[in-house]
Structures are given as C-alpha cells and as structure tokens.
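Thanks for coming, everyone. I'd like to walk you through one model today. Please have a look at it before I start.

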Amino acid sequence: MGASRALLQCLLSLCMIIELAAATANFFKPFNVSYDHRALIIDGDRRMLISAGIHYPRATPEMWPDLIAKSKEGGADVIQTYVFWGAHEPVRGQYYFEGRYDLVKFVKLVGSSGLYLHLRIGPYVCAEWNFGGFPVWLRDVPGIEFRTDNVPFKDEMQRFVKKIVELMREEMLFSWQGGPIIMLQIENEYGDVESSYGQRGKEYVKWAARMALGLGAGVPWVMCKQLDAPDNIINACNGYYCDGFKTNSNNTPVLWTEDWDGWYTKWGGRLPHRPAEDLAFAVARFFQRGGSFQNYYMYFGGTNFNRTSGGPFYITSYDYDAPIDEYGLLSEPKWGHLKDLHTAIKLCEAALVAADSPQYIKLGPKQEAHVYHVDLQTGGLKYENQSRCSAFLANIDERKAADVTFRGQTYNLPPWSVSILPDCRNTVFNTAKVAAQTSIKMVDFDLPLFSNISVHQQFMVRNEVSYISKSWMTVKEPIGVWSENAFTVQGILEHLNVTKDYSDYLWYITRIYVSDDDISFWEEKKVRPTLTIDSMRDVLRIFINGQLIGSVIGHWVKVVQPVQFVQGYNDLVLLSQTVGLQNYGAFLEKDGAGFRDQIKLTGFRNGDMDLSKSSWTYQVGLRVSS
C-alpha cells in the first residue's frame, strides 16, 4: 500500500514537472529580430512574411488551435492580433486574462504551432470594438484627454502598455527568449486624426515612440498610417491596396499591417464581399513592388461576443468576408486561392530577399514586369532549392487581357492580374485564375424526412418549416420605476456618466402636468404638443402613460415627436439605448451617449416647457435582465 502511494506521488510529481516544462519551454531557439530598408531580419536572414489576422477574443479558446492550424496550412508565417485594453482591465487596476481573454495562452498556442506573432498593443485599436478598445472608466479620470499630449492619459496608457510588455517578458514570449513575438505596435492609425490635436498631437506621437522603445521589449515596434513616425519606429500601411506605399524613412522596410480582405457590417447594411481574384492581385502587386510583410485583416474575423461591438450599429458578426469564416470554416475559393498565391510567393523568396530593389520593365501601356535577381556575392541565405531569378508580370488594365513578351517568351495576362514566375520563365500562378473549389455552406437539419427528396424539394420544405429555437421567449418590460437603485435629480444627465456602460439602457422618467386650458387650446387650434430633443444617439423609445408613441434611430440626430397627453399628470418616459460606443475618430472621450443640449415640449398655451431643467428619475438596465 505504501509502495503504491509512493508510486502515485512520484507519477503526480512527474506530471507536474512535465506541465511546468511545457509551460516554460522555448518554442524556438532564441533569435533576434531586426530590419533594414528591405525586410524584417529573422535570426540573421531577411524574410518575406505572410500574416494572418486573428483576434483571440472573437473566437472561443476551443477554436484557437484549429484557427491557427488552418492559417499555417494556408501559408501564413505570422499571426497578428490586437490587445483589448477595456477587456483586460474592466475596472482600473483589476486585470482579467481568462477565457477568451487568455492572451498568454493564445500566444503560446501560436508559438507551439511554429508561427510568429505580431502583437498590436495600441492600446487604442479601433477594430470596430466597443469604444475603440478603451475601458469606459478611462473617461472618468480627472482632466483626461485621449490620444494627445495629456499627462493623465499618458500615465494610464503607459501603465497598461508596460503591463502587457512585462507580462510577455515574464512568460518568455519574445523572440530573443525563444518565444513567437517578433514585432509590436504602439498606437493605431493616429495619422488619420493627428491634425485634430495640432502641436499636442505631434508631441504625443514622439512621446508614444519614446515610451514604447524605453520598455526594452527587444523587438521592432511599428505605427501604422503614421507619416511622421519617429526614428526606430516603422511606419506601416493599412488599406485595400498598398503596392504604392512608401515609408517615411530610407532605413525601414515596407510593411502592410492591414490588408482589408472584406469589411465590417452595420445593422441593416449589406454584407461586404471582396473577390478572391482582386485580393490576390493586391497581395501579388505588393510583393512585386517591394513589399515584404503583409497581413490579412482579417484572416479570421469571428464574432463580437456580448456587448463588444463598436459603432454605433455594428452587428455581432465580424465575419469580414475573411478566408476563414465566422464559424471557423474555410471560405472557398478565397482561402484556397490565397494558399496557392502564398506558395508561389514563397518560391520567389530567395530572389526577393536578395535584391534590394527590382528591375522594372515596361511591357505595354498598362503592363509591366518587376524582376528580382539574387546577388551571387550575398552570403547567409538559406534557400538552396529555390530559384535565383523571379519575376512578376502585371496587367493593370481592368477590362482587357494582354499578350506580352518577356525574355523572348509570350505570356497572356488576363485583365487586372499578376502572373508569378519563380524562375523568370514558367508561370506558376496568376491572380485572376482561380483553381480552388467554391464552397457552398448549407445548414444540416438532420431530419429523416429530407433523405429521399431532391435538393430543390428540401429547400422548399425547409422554407415552410419554422426552426425557431425553443430557448427563445417573450417578456414584457415594465414601463416606469422598478429599480431599487433608481434615483432622482434635477436636469438631464449624460448617458454614459450614469450607466458606465454596464448596460446599453438608461431610463429617463418625468411627470408632465396638463391643464384643462392646455387641452382646450390644442382642440381650438387643432394642434398637438411636440417633444423636441436637440440631439440624441443611438436608439430612443418614447412612452407616454405606459404606451410607446415613437422611436428614433440615428447618430446625434434631432428628435421632433408629436405627443398626446390627457388632462392631469402624464408619465413621460424616454428609454435611451446605445448600440456600440464610437470606436473611431478624434476626441472619443467627448462623444458620450444619450442626449445633448435642450429637451423641451412645445405647443402649450403658456409657451414652451424646458424639460432640461426638470426633475428626472433615472434607472439603468432592463428589469428582465437584472
């Protein structure tokens, strides 16, 4: 018995040692990352890198291994993700890194797959994420102004960025520690809003760069869409096409941090679609004209769980028309066509990294070639089985195909396409010619009655059958004061100052007295009183005496709603609802929610009634969810 117990303890100890070793094991032999004017330099070698954008909170942890594996199979070398401040620090000083927000686990899974990681700390991320990734409590820091030369903001930003860098260092996740992280990002698309902040914006950019570099992460930092990126920071491109992008320094490579392979969707909007052919054309042109790092935004888009959608009015799906769809399934032909493209580009890597710049050859009015030759005197390259001359032949005519002559051989180039010749002779890929199969995704209802009828009949039957989940239910929300935490104050309070974004809903409740004279006045003049609100966002429901009388949807729009009162006291209830906080633009901290300026009732016998100064009762949330 004692021997068995000793053996069991030994086995448990061995398991603990194995788990500890796995948790601290290097994913790579430690290597350094630097860069020159041509490319990132990984462990001493220039690299052409394909990156797959995956945001860890937009998938479940159970999905992560499969998403990473499909990215690798599709030809990705790197996984890219933002870090979401508001999710990781929902309350100031209280951090959360569990479940879908287990950043360390996600990074380790990337490393264990043999892929690199580009970590975009921001901490402003945009990303169509609620409040651009900022925690809403940040608005309440005294004297704060976001994303400018403002001490309270810089203090909070530095504290969080330092927290993430130190966490990655403690977990041995940087490349020089044997981890997968090869690059970091500070700020995000600040160049789009910098002019709004004047000189203070310029000073903020310089400070952000100094702060980031001072953290000693040991890998390169990038900013994107930042023409005045300071020294030792790489300015990168975001957009649908980046083949014409030029960096602001002769010492930095051309990086494409966001290749938009689709777009986000608003409620009521159309689902975006970017053809695989056009996306492949953009990527091929980028590498053809000197690019060296390209990231798909998104390779997997996923889902905006809970209340993380930005806005206003972004839907919960973040599918983005990505190569891997919202559910983790391959979107064909996009995924397969891009995989073929990546294979072709990798066949050219030896030539691409060896040449500082390509030879340009004009082949026609809208046709051109870029040729890359290996410098035979360049040492240290590890591409023994690859060609030493690679060429890209492009036809940028959107309508007409063209026959071109290159090195004594004729090539047919379809409209708006690039042919890739890894050996400067044989075409292995053309961006307009899709070989991948198209996927048709169907819902499997698993009903026996469908087994012996045609596909057409199945669709007819399915359209006639209701598949409403039995878990749905209808509830009736009480209109009026029900919360023990309701409170009454004089005047109109700003929505977020009350809810702190713990709920989308805020009730504004007041009582209006209507005299006999008012009723007589309306009947005599054949008019109705009107509720006027100077400005509101996103959704407003207006109730009088428990009845819904009007709804308004918009982003800071004026409300003019005719109303009908009875003689005596009338309950006026305004239900304000946010549908995703603003995630883009300058002065986010000032955007707010709810109502702005004056609220009044017009059309009374004795003149307008200014409700902005009235007594209002406030309550947060819905009773059915509280």
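**Cavity, pockets and ring pairs**

The largest cavity is lined by F131, R139, L496, R537, L581, Q582, L588, D591 and G592. This is a predicted model, in which local features need pLDDT of at least 70, side-chain atom pairs count only at pLDDT 80 or more, and totals for chains, interfaces and linings use all residues. Residues are numbered from 1 along each chain as its sequence is written, and side-chain values use heavy atoms, with hydrogens and water left out.

Terms next. Everything sits on a 1 Å grid over the protein atoms alone. A cavity is a set of points where a 1.4 Å probe fits but cannot get out. A pocket is an open set with protein on both sides within 12 Å along at least five of seven lines. Lining residues have an atom within 4 Å of a point. Points are joined across faces, edges and corners, and a volume is the space filled by probe spheres set on them.

Back to the cavity. How many cavities of 30 Å³ or more does a search of the whole structure find? One. The largest cavity holds about 30 Å³ of space. Its lining has four nonpolar, two polar and three charged residues. For these classes, Ala, Val, Leu, Ile, Met, Phe, Trp, Tyr, Cys and Pro are nonpolar, Asp, Glu, Lys and Arg are charged, and the others, Gly among them, are polar.

The largest pocket has about 560 Å³ of space. It is lined by 22 residues, and G86, P90, N130, R307 and D501 are the closest to its centre. By class, that lining splits into 11 nonpolar, five polar and six charged residues.

The second largest pocket has about 370 Å³. Its lining counts 19 residues, with H37, K246, V254, R289 and G290 the closest to the centre.

Most residues other than glycine have a negative phi, and most peptide bonds are trans. F131, from the cavity lining, has a positive phi near 60°. F131 lies in the loop between β6 and α5. At 3% relative accessibility, F131 is buried (under 20% relative accessible area; exposed is over 50%, partly exposed in between; 1.4 Å probe, protein chains only).

D501, from the largest pocket, has a positive phi of about 65°. D501 sits in the loop between α11 (495–499) and β20 (505–514). With a relative accessible area of 10%, D501 is buried.

On to cis peptide bonds. One joins G122 and P123, with omega about 5°. P123 is in the loop between β6 (116–122) and α5 (151–170). Another runs from G311 to P312, with omega near 15°. P312 is in the loop between β11 (293–300) and α8 (334–347).

Now the chain as a whole. It has 12 helices and 26 strands. Those are DSSP runs numbered from the N terminus: helices are H or I with at least four residues, strands are E with at least two. Of the 626 residues, 54% are buried. Take contacts (heavy atoms within 4.5 Å) between residues at least 6 apart in sequence: 70% join residues at least 24 apart. The chain exposes about 28800 Å², and carbon and sulfur atoms supply 52% of that. Those areas come from the Shrake-Rupley method with a 1.4 Å probe; for residues, only the protein chains shown count as cover.

Last, aromatics. The structure holds 48 aromatic pairs. Rings of Phe, Tyr and Trp (its six-membered ring) pair if their centres lie within 6.5 Å; planes under 30 degrees apart are stacked, over 60 edge-to-face, the rest tilted.

Why is the pair of Y240 and W260 edge-to-face? Because their planes stand at 85°, with ring centres 5.2 Å apart. Y240 is in the loop between β9 (233–239) and β10 (255–260) and W260 in strand β10, so the pair ties together parts 20 residues apart in sequence. Y240 is partly exposed, at 32% relative accessible area. W260 is buried, at 13%.

W522 and F604 have ring centres 5.3 Å apart and planes at 80°, so that pair is edge-to-face. It links distant parts of the chain, 82 residues apart: W522 in helix α12 (residues 516–525), F604 in the loop between β24 (594–602) and β25 (609–610). Both W522 and F604 are buried.
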